[in-house]
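Have a look at the fold first, and then we'll go through it piece by piece.

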Amino acid sequence: MHDETPKRTYNRYRREAIALKNIYPQEHFYFWDFLRLFITNLISDYFHAWHDGVFWSNITSIPIFRLMQFWGTYQGFRQQGKINNQLKETFYYPRRLSRQDDQSQLNQNRPIIDYSTQSKITSPK
């Protein structure tokens, strides 16, 4: 269902929540919001997956994604103080210079954008 790893999903939503909290300091995301949104989105996703005929192939990926999404949001809103360098590194440079085998395998199946023609998408070889 989703190409991101759970850790990357968590970090993305945590980062977005920190930014949202800084832009709109009056906004809040409480633990009850986490529970409510996790449960209601899980039910909705399962409902749609069942009706689309993809329930069984997504039975574990759906709750993992929703858990990381809303737990990251909750944790981002709980963030206090300034963002330190270690957190910036985690958010903006999570892979450093090393490549992970699973990530490179995942990207082999995606189309490659040919920027020289600006409109052509080519298939991987």
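Is the crossing of α1 and α3 left-handed or right-handed? Viewed in this predicted model, α1 and α3 cross in the right-handed sense.

## How α1 meets α3

Helix α1 covers residues 6-23 and helix α3 covers residues 61-78; their axes come within 7 Å and cross at roughly 35°. On the α1 side, the contact is made by Pro6, Thr9, Tyr10, Arg12, Tyr13, Arg14, Ala17, Ile18, Leu20 and Lys21. On the α3 side, the residues include Ile64, Phe65, Met68, Trp71 and Phe77, along with Gly72, Gly76 and Arg78. Sort the residues of this contact by type and you get 11 nonpolar, six polar and four charged.

Arg14 has a relative accessible area of 16%, which is under the 20% cut-off, so Arg14 counts as buried. For Lys21 and Arg78, the C-alpha distance is 9.3 Å at a sequence separation of 57 residues. Setting aside neighbours within four places in sequence, Lys21 is in contact with Gly76, Phe77, Arg78, Gln79 and Gln80.

## The nonpolar core

Now for the greasy part. The largest nonpolar core has 11 residues: Ala17, Phe29, Phe34, Phe38, Leu42, Ala49, Phe55, Ile62, Phe70, Tyr74 and Phe77. Helices α2 and α3 each supply at least two residues of this core. Phe38, one of the core residues, touches Pro63, Arg66, Leu67 and Phe70 once residues up to four places away in sequence are left out.

Is Arg36 buried, exposed or partly exposed? Arg36 belongs to helix α2, and its relative accessible area is 46%, which falls between the 20% and 50% cut-offs, so it is partly exposed. From Arg36 to Phe70 the C-alpha separation is 9.7 Å, and the two are 34 residues apart along the chain.

## The chain as a whole

Zooming out, the chain has five helices and two strands. Starting at the N terminus, the order of elements is α-α-α-α-α-β-β. Of the 125 residues in the chain, 27% are buried. Take the contacts with a separation of 6 or more: 70% of them join residues 24 or more positions apart.

How confident is the predictor? The mean pLDDT of the chain is 80, and 66% of its residues reach 70 or more. Which elements have the highest and lowest mean pLDDT? Helix α2 (residues 31-51) has the highest, at 98, while strand β2 (residues 120-122) has the lowest, at 41.

Over residues 110-125, pLDDT stays under 50. For that stretch, the model has 13 contacts beyond four places in sequence.

Terms used:
Residues numbered from 1 in each chain as written. Predicted model: local features only at pLDDT ≥ 70, side-chain atom pairs only at ≥ 80, totals over all residues. Heavy atoms only, no water. pLDDT = per-residue confidence, 0-100. Helix = DSSP H or I, 4+ residues; strand = E, 2+ residues; numbered from the N terminus. Contact = heavy atoms within 4.5 Å. Axes fitted to C-alpha atoms, helices over the stretch in contact; angles between N-to-C directions. Left-handed = near helix turned anticlockwise from the far one by under 90°. Nonpolar A, V, L, I, M, F, W, Y, C, P; charged D, E, K, R; others polar. Core = buried A, V, L, I, M, F, W, Y, C linked by side-chain atoms within 4.5 Å. Buried < 20%, exposed > 50% of the residue type's maximum accessible area, 1.4 Å probe, protein only.
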